Amino acid sequence: MKAVRGLMKVFITRRIPQEGTEILSGATGVCEVSQWDSDEPVPRAELLKGVQGAHGLLCLLSDKIDAEVLDAAGPNLKVISTMSVGFDHLALDEIKKRGIRVGYTPDVLTDATAELTVALLLATARRLPEGVEEVKNGGWSSWKPLWLCGYGLSGSTVGVIGLGRIGMAIAQRLLPFGVKRLLYAGRTAKAHAAEVNGEFVPLDTLVSESDFVVVSCSLTPETQGLCDKAFFSKMKKTAVFINSSRGAVVNQEDLYEALNSGQIAAAGLDVTTPEPLPTNHPLLTLKNCVVLPHIGSATYSTRGVMSALTVQNLLGGLQGLDMPSELRL
């Protein structure tokens with residue numbers, strides 16, 4: 001599609017919620033939009049074709065925006081707006097080198113992701129998916145004292161790895177369950193941890209003393225593969241592991257071994273490597289592993305707000321104005 005003279009060209013890599021498209025339709029004097037009109041990810045070849053000559057790119061977490069994409073776009077590209085809080089799919093060094101601005105959507109999905117993490121923790125610790133399956137397959141017979149017993153939060157020690165926005169929101173939601181100690185680990189102690197009586201401890205201490213280990217850190221070279229065999233071997237045999245951050249923080253082969261051998265009690269994952277996880281993956285054979293399809297921010301209102309913010313970031317970047325949520329490179 002050729003851009004009308006004077007209008008800036010924008011390429012959108014997927015269908016997005018209407019809250020964003022409505023804002024775009026009101027910006028017809030600013031840009032001309034072409035879009036991969038599907039709920040499925042744009043094929044690489046279509047992405048490279050669609051981005052040619054674009055001034056703005058609106059993408060999702062599943063789109064790898066690397067030097068090849070930036071080269072295909074050419075020198076016009078001034079803004080990339082991603083409908084995500086994460087940005088490990090963006091080649092930030094290359095983007096910075098070319099002076100391209102980046103918009104993202106932090107904060108708006110904090111509450112939804114924290115809620116989902118708590119739901120996943122409870123479902124995993126109290127064995128809800130197993131219970132549902134037993135009802136359906138006829139496994140529910142008479143009441144038995146130890147049948148489907150799990151682990152409760154009351155009087156427990158919870159360890160949060162990464163007490164940022166989402167980690168803090170998770171901690172705030174878990175405290176009312178009667179958590180006795182809230183430990184956290186990360187690069188630095190956080191002043192806001194006092195609000196949840198958080199104790200800043202070394203990672204080894206957190207891993208060995210926690211009944212629930214919740215990972216909510218960002219993916220960096222330091223955190224990639226952080227949760228490995230050595231990590232799981234330090235956990236209590238009764239401990240529950242929860243990850244709603246990024247799949248690559250976990251060595252999944254080591255997690256499988258830890259779960260299968262009884263080294264840890266259970267695990268709940270909202271993120272995996274790869275995504276989607278193949279249906280024949282060993283983790284999916286385990287009753288003590290609950291895997292969700294990366295739905296941390298999946299509430300109607302949150303996705304609508306994300307869509308609107310992504311478009312506002314895009315339009316701000318196109319026009320050389322403030323972006324509501326710009327990533328500082």
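**Entry 1**

I looked up Glu 326 and found it buried, with a relative accessible area of 17%; buried means under 20% relative accessible area, exposed over 50%, and partly exposed in between, with a 1.4 Å probe and protein chains only. The model is predicted: local features need pLDDT of at least 70, side-chain atom pairs count only at pLDDT 80 or more, and totals for chains, interfaces and linings use all residues. Residues are numbered from 1 along each chain as its sequence is written, and side-chain values use heavy atoms, with hydrogens and water left out.

I then checked the salt bridges of this residue, a salt bridge being a side-chain nitrogen of Lys or Arg within 4 Å of a carboxyl oxygen of Asp or Glu. Arg 101 and Glu 326 meet through their side chains at 3.0 Å, N to O. This pair links distant parts of the chain, with Arg 101 in strand β5 (residues 101–103) and Glu 326 in strand β13 (residues 326–327), 225 residues apart. Strands (E, at least two residues) and helices (H or I, at least four) are DSSP runs, numbered from the N terminus. Arg 101 is partly exposed at 22% relative accessible area.

Glu 326 also forms a salt bridge with Arg 328, where the closest N and O atoms are 3.5 Å apart. Arg 328 is exposed, at 69%.

**Entry 2. Other salt bridges**

I noted that the rule gives a count of 18 salt bridges. One of them joins Asp 37 to Arg 15, with 2.9 Å between the closest N and O atoms. Asp 37 lies in the loop between β2 (31–35) and α2 (44–50), and Arg 15 in the loop between β1 (8–12) and α1 (18–25); the two are 22 residues apart. I recorded Asp 37 as exposed, at 52%, and Arg 15 as partly exposed, at 40%.

**Entry 3. Two domains**

I looked up the domain assignment, whose bounds come from an automatic or database source. It gives domain 1 as 8–106 + 300–327 and domain 2 as 109–291. Their C-alpha centres lie 33 Å apart. The contact, meaning heavy atoms within 4.5 Å, takes 8 residues from domain 1 and 5 residues from domain 2.

I read the area buried between the domains as about 620 Å², with carbon and sulfur atoms giving 61%; this is the accessible area (1.4 Å probe) that two parts lose on being put together, summed over both. Across this interface the rule finds 1 salt bridge. I also noted that Arg 246 and Asp 88 meet in a salt bridge at 3.1 Å, N to O.

**Entry 4. Helix α7**

Why did I record helix α7 as largely enclosed by the rest of the structure? Of the 10 residues in this helix (residues 165–174), 7 are buried, so α7 is largely enclosed. The buried residues are Ile 166, Gly 167, Met 168, Ala 169, Ile 170, Ala 171 and Leu 174. I then looked up what covers them, and the cover includes helix α5 (110–125) together with strands β6 (157–161), β7 (181–185) and β9 (212–215).
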